[in-house]
Amino acid sequence: MKNLVSILFLSLLFSQTFLSQQLNYEQSMGEQIPIQITYETEGVQDFVWSPDGSQFAYIALHNDTTRLYRIDLDGSNKTELCSNAFGQIDWKDTVIVFRAIDPGAPSPNNILLKKINPDGSAMSTIIGPYWYA
């Protein structure tokens, strides 16, 4: 079975940073049937597939805070992993790497490079805080 992903950029939301995206999973068995996976109304910033392709992690704006989520490919088991995540994320083997804002540090020197297990355990800071332009 061939799996395809289509990302539809719908509109700019709040600023140039947040693009409202609809993530779809399409199955190709004679015809393509789009299935909506995420239902984020405030915008998806970035996403990454798990190494085995069964899940993905994404950053979305929710109640004025960016949050890192993990979700199964069929849209089930959505789990919030942390808040204040932003930018690009990466999923290597058994760890998700992302940037986060340290709310206790003065801006612009408040950026952390963090890692977390896909189940939400063992979150730790790799480097930071540092300045990000």
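Tutor: Two strands pair if DSSP finds at least two bridges between them. The model here is predicted.

Student: What makes β6 and β7 a pair?

Tutor: Four bridges join β6, residues 65-72, to β7, and at least two are needed, so the two strands pair. They run antiparallel.

Student: Why is β7 called an edge strand?

Tutor: Strands β4 to β7 form an open sheet in the order β4-β5-β6-β7, with antiparallel pairing. β7 (79-83) pairs on one side only, and β4 (44-49) likewise, so both are edge strands. Neighbouring strands of the sheet are turned by 20° against each other on average, direction ignored.

Student: How many aromatic pairs are there?

Tutor: With ring centres within 6.5 Å as the rule, the count is five aromatic pairs.

Student: Why is the pair of Phe47 and Phe56 called edge-to-face?

Tutor: The ring centres of Phe47 and Phe56 are 5.9 Å apart and the planes stand at 75°. The cut-offs are within 6.5 Å for a pair and over 60 degrees for edge-to-face, so the pair is edge-to-face.

Student: Are Phe47 and Phe56 buried or exposed?

Tutor: Buried means under 20% relative accessible area. Phe47 has 18%, so Phe47 is buried; Phe56 has 2%, so Phe56 is buried as well.

Student: What sits over the ring of Tyr69?

Tutor: The charged end of Lys78 does, 4.5 Å from the ring centre; the distance cut-off is within 6 Å.

Definitions and conventions
Residues numbered from 1 in each chain as written. Predicted model: local features only at pLDDT ≥ 70, side-chain atom pairs only at ≥ 80, totals over all residues. Heavy atoms only, no water. Phe/Tyr/Trp six-rings, centres within 6.5 Å; stacked < 30°, edge-to-face > 60°. Buried < 20%, exposed > 50% of the residue type's maximum accessible area, 1.4 Å probe, protein only. Lys NZ or Arg CZ within 6 Å of the ring centre and 35° of its normal. Axes fitted to C-alpha atoms, helices over the stretch in contact; angles between N-to-C directions.
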